[in-house]
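Colleague: I'm new to this one. Could you walk me through it?

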Amino acid sequence: EGFVNGVAFAGGKGENYPLVIGSHSFIPGFEEQVCGMTTGETKDLNVTFPENYGAADLAGKAVVFTVTVKEVKAKVLPALDDELAKDVNMDGVDTLEDLKKSVSEKIAEAKKQANENEALDALINALVDNAEVDIPEVMIEQEAKDMISEQDQRMQQQGFSLTQYMQMTGMKMEDLVEQMKGDAERRVRVRLVLEAVVKAENIVATEEDIEAEFDKLASMYKMEKAEVKKYLDAETLSYDVKMQKALDF
């Protein structure tokens with residue numbers, strides 16, 4: 001928890017946060033003072049926020065972070081042998097050579113997928129760059145806010161929050177929205193262009209398409225199909241199917 005002149009400041013508290021030494025995710029000087037601490041140890045870290053820090057009330061200020069180490073972990077690599085291959089517990093993998101072959105195939109598949117994604121991105125960029133799209137500013141701002149909300153959900157799954165992130169980086173909500181606007185505009189443009197393709201090519205989502213998508217989601221999330229349908233309506237899924245068909249086209 002962070003304190004300025006003995007007073008805790010908003011967004012300066014975090015619990016059970018997995019800090020990776022070398023990630024430099026906090027302000028300068030923080031990690032260096034954490035190094036050497038042991039499990040259960042509490043220590044006051046004296047650091048100074050940069051002069052150009054985004055939060056004016058903290059810029060250039062000397063602060064004290066009271067830190068308690070809950071757990072210390074280190075990466076330990078096992079021996080590269082047949083025992084490791086067995087421990088991986090993969091179908092058809094019993095020896096180190098089997099494991100190497102499996103990993104090699106996965107790398108090749110990943111590179112193939114990466115190449116396909118790169119080609120698709122290039123195609124979408126060409127489509128979008130050549131399209132005349134008039135996008136209201138409010139639509140771009142809303143898309144940026146949606147993207148920030150998605151980021152917040154991902155951070156919460158890791159035990160962190162958007163508020164803490166903004167405090168640590170010195171950014172405000174309007175700064176985040178401004179930062180996201182470029183990607184947000186592209187997402188909106190892509191969506192509008194694909195919608196135009198759907199319309200021009202009379203692309204439809206059949207009942208069979210939608211049911212197949214429900215089946216795929218049920219398998220992916222290991223849920224009953226009826227349960228998936230409670231959380232996702234057919235109309236939304238129909239839109240997604242048509243967008244994917246437009247991409248495939």
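Modeller: A cavity here is a set of points on a 1 Å grid over the protein atoms alone where a 1.4 Å probe fits but cannot get out, and its volume is the space filled by probe spheres set on the points, which are joined across faces, edges and corners. This is a predicted model, where local features need pLDDT of at least 70 and side-chain atom pairs count only at pLDDT 80 or more, while totals for chains, interfaces and linings use all residues. Residues are numbered from 1 along each chain as its sequence is written, and side-chain values use heavy atoms, with hydrogens and water left out.

Colleague: Which elements give two or more residues to the lining of the largest cavity?

Modeller: Lining residues have an atom within 4 Å of a point. Around the largest cavity they are Ile-124, Leu-127, Val-128, Val-190, Val-193 and Leu-194. Helices (H or I, at least four residues) and strands (E, at least two) are DSSP runs, numbered from the N terminus. The elements you want are helix H3 (96-129) and helix H6 (173-200).

Colleague: Which element gives the most to the lining of the largest pocket?

Modeller: A pocket is an open set of points with protein on both sides within 12 Å along at least five of seven lines, and the largest one has about 1,100 Å³ of space. Of its 32 lining residues, the closest to the centre are Tyr-17, Pro-18, Leu-19, Thr-68 and Glu-71. Helix H1 (30-34), E4 and helix H5 (162-169) each supply at least two lining residues. The most, 4 residues, come from E4.
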